[in-house]
Amino acid sequence: DVETPAVLVVVGRDDLAERRPDLVREVGTHHRVVHLGPLGSDASGELVHRTLAALDDQEGTLAEGAVADIVQAAGGNPLLLEQLVRYLREIGALEVVEGGWRLVGVLDDAGLPDGARALLGARLDTLPPEERRVLQGAAVVGQTFSTAVLTVMGIDAPPAILASLEKRGLLWRIGGIGDVATYVFRHAMVRDAAYASVQLSDRA
């Protein structure tokens, strides 16, 4: 048999060592545990601009003071930072201007929810009803779903709505043939937030 080198990467939260110590124990000399700290200010600023550029299909800048306020609010959490930028853009607290974007008003006045889950929930609340219904139905199915399953559930999910949810950074298309496509939620917390917004009777 030919030996082929392989790398296994396991990602976990800080409490992984307590919950699953077998996953973080030393295994020979090739075992490494890498602790990731908060995203630095430079990388956070770059993520802010990349997210805005992807949202509006344009290049530009945002005032350094506004970037610093957004970065501080996210606390170095990349997911929270990206979702915060998208949320501010969707509620009009970030607007497109010549040469980039502008933060409208004071960030504290934007009614920012605390934490990633609450922020995702707030983003879902601002979605058009037809997009929110697709996300909620898909969340009941699971992390990965197909448009065929949504059709069986009686949920209309035309390509334009799914494309919009992809553009918002909530879903990814991972496959499909013809009119049947397979999607996955961008992050497990997106699915959790959508599922939590579904009434118990509707889940059943």
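Biologist: Which residue of strand 6 stands opposite Phe145?

Modeller: In this predicted model, Phe145 faces Tyr183 of strand 6. In general, the strands of a sheet pair through backbone hydrogen bonds, in either a parallel or an antiparallel sense. Here strand 4 and strand 6 (residues 180–185) pair in the antiparallel sense, over three bridges.

Biologist: What is the order of the strands in the open sheet?

Modeller: The order is 4-6-5, an open sheet of three strands with antiparallel pairing. Strand 4 (144–146) and strand 5 (171–177) each have a single partner strand and stand at the edges, so one side of each is left without a neighbour in the sheet. From one strand to the next, the twist averages 25 degrees.

Biologist: Which helix lies across strand 5 and strand 6?

Modeller: That is helix 8 (residues 159–167), which runs at about 140 degrees to strand 5 while lying across both strands.

Biologist: What does the side chain of Arg123 join through a polar contact?

Modeller: The side chain of Arg123 is joined to that of Glu90 by a polar contact of 2.5 Å. Leaving aside neighbours within four places in sequence, Arg123 is in contact with residues including Gln83, Tyr87, Arg168 and Leu170.

Biologist: How many residues apart in sequence are Ala66 and Arg123?

Modeller: They are 57 residues apart in sequence, and 20 Å apart in space from C-alpha to C-alpha. Ala66 has its place in helix 3 (residues 64–74), and Ala66 counts as buried because its relative accessibility is 10%.

Conventions: Residues are numbered from 1 along each chain as its sequence is written. This is a predicted model: local features need pLDDT of at least 70, side-chain atom pairs count only at pLDDT 80 or more; totals for chains, interfaces and linings use all residues. Side-chain values use heavy atoms; hydrogens and water are left out. Helices (H or I, at least four residues) and strands (E, at least two) are DSSP runs, numbered from the N terminus. Buried means under 20% relative accessible area, exposed over 50%, partly exposed in between (1.4 Å probe, protein chains only). A polar contact is a pair of N or O atoms within 3.5 Å; within protein, one must be able to donate a hydrogen and the other to accept it, and residues adjacent in sequence count only if both atoms are side-chain atoms. Contact means heavy atoms within 4.5 Å. Two strands pair if DSSP finds at least two bridges between them. Axes are lines fitted to C-alpha atoms, for helices over the stretch in contact, and angles run from 0 to 180 degrees between N-to-C directions.
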